[in-house]
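Let's take a friendly walk through this model together.

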Amino acid sequence: KSLQLRIALLIILGGLFVSQYIHFHSILLIITTGLGILIWYYRVFIFIAFFIGALSLSFGSYRMLKTYNPLQKVQSEQTEIQGFVTSFPDRRISSTRVKVKIFSINKERIKKKHQPSVLLIFPPGQTLSYGQVIQFSGKPNRPRNFQSFNYVKYLDRFGISHIIKNPKSLTVLRGKKGWQALRVAESLRNKFENNLSQLPEPHATIAMGILLGVKKELPPPVTKHFKDSGLMHILVVSGFNISVIMILCNFWFRRFGPIINIILSLIIILFFVLMTGSEAPVVRAAIMGSLVGLAVCSGRFSESKNVILLSAVIIGLMNPKTIQADLGFY
């Protein structure tokens, strides 16, 4: 059963990855339905495997369908936009970047299912936070690929189709949108960030990246040193952080019994994932840690290969583009 589960998970991952190269068509649904009927009459694993592959391929290609984007009409034109910030700020030396969900273009409301997202790039002096409703004026432009990096595909993984640089006006309006839990997580993150900022540079920025996942650009010489030594990966939050949190939670909560222990641990891990920006490596590590914790709590063994694959499948089902274009996922 463990081997069959592993094969099934690999087939799902393969279907989700290949779906980016296949256009969704009704024939996929017909094939999937036919395989489902075969499974109903012949419960053979080979038919089940083909059914799972066809189902994941259909699901992935359906999620890849392009929807109407109102920004296409105003591309490269000066446009008045209203939206709300849906990401934590990415602070760099020369600019700050946030993801914005647009609900109004030139004072015309957009239906929720057609609301696009843009990457807003503005000078570092302005401060924005998650959930703020903002109004700004700028020119939406399509992103361009670099010589060795598919930037368009990378931004598409976040649902971003256009970039607006240096808006002429940027005003914070009244009201808040988004999840209250994320606003609380950002508030706590900012408090930790302020404490770490008391360290000298570049130590403060390095500590913020390792402990909180705060995106701040390091000076070029320091970045070069990390690249040359092959240690760039330690500047971001990873599975190591989740492991430390699980060990500490198990130490603190073990007196309450296994069930309360795993529940409280899962809540803290979820909050940490939200606080660090829900990056792919952290989400993957959090899912893996949660699955292992649940296995221990239920008195069952956990196969590490299956846990890794299952966590990847969960992430892929939430957003197939993660396993197609996000290098951090790997």
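Asp228 forms a salt bridge with Lys224, with 2.8 Å between the closest N and O atoms. A salt bridge here is a side-chain nitrogen of Lys or Arg within 4 Å of a carboxyl oxygen of Asp or Glu. Both Asp228 and Lys224 sit in helix H7 (residues 220-229), four residues apart, or about one turn of the helix. Helices (H or I, at least four residues) are DSSP runs numbered from the N terminus. Asp228 is exposed, because its relative accessible area is 55%; exposed means over 50%, buried under 20%, and partly exposed in between (1.4 Å probe, protein chains only).

This is a predicted model, in which local features need pLDDT of at least 70 and side-chain atom pairs count only at pLDDT 80 or more, while totals for chains, interfaces and linings use all residues. Residues are numbered from 1 along each chain as its sequence is written, and side-chain values use heavy atoms, with hydrogens and water left out.

How many salt bridges does the structure hold? There are two. Lys321 and Asp156 also meet through their side chains in a salt bridge, at 3.1 Å from N to O. Lys321 belongs to helix H12 (residues 320-325) and Asp156 to helix H4 (residues 151-156), so this pair ties together parts that are 165 residues apart in sequence. Lys321 is buried, because its relative accessible area is 17%.

Ile37, Leu38, Trp40, Tyr41, Tyr42, Val44, Ile46 and Phe50 make a nonpolar patch of about 910 Å². Such a patch joins nonpolar side chains (Val, Leu, Ile, Met, Phe, Trp, Tyr) within 5 Å, from residues with over 30% relative accessible area and no salt bridge; the areas come from the Shrake-Rupley method with a 1.4 Å probe. Helix H2 (26-41) and helix H3 (45-63) each give two or more residues to the patch, and H2 supplies the largest share, four residues. Val44 is found in the loop between H2 and H3, and is partly exposed, with a relative accessible area of 38%.

On a 1 Å grid over the protein atoms alone, a pocket is an open set of points where a 1.4 Å probe fits, with protein on both sides within 12 Å along at least five of seven lines, and lining residues have an atom within 4 Å of a point. Of its 15 lining residues, Phe192, Leu211, Leu212, Phe272 and Met275 are the closest to the centre.

Technical notes: Patches are made of residues with over 30% relative accessible area and no salt bridge: like charges are joined within 9 Å, nonpolar side chains (Val, Leu, Ile, Met, Phe, Trp, Tyr) within 5 Å.
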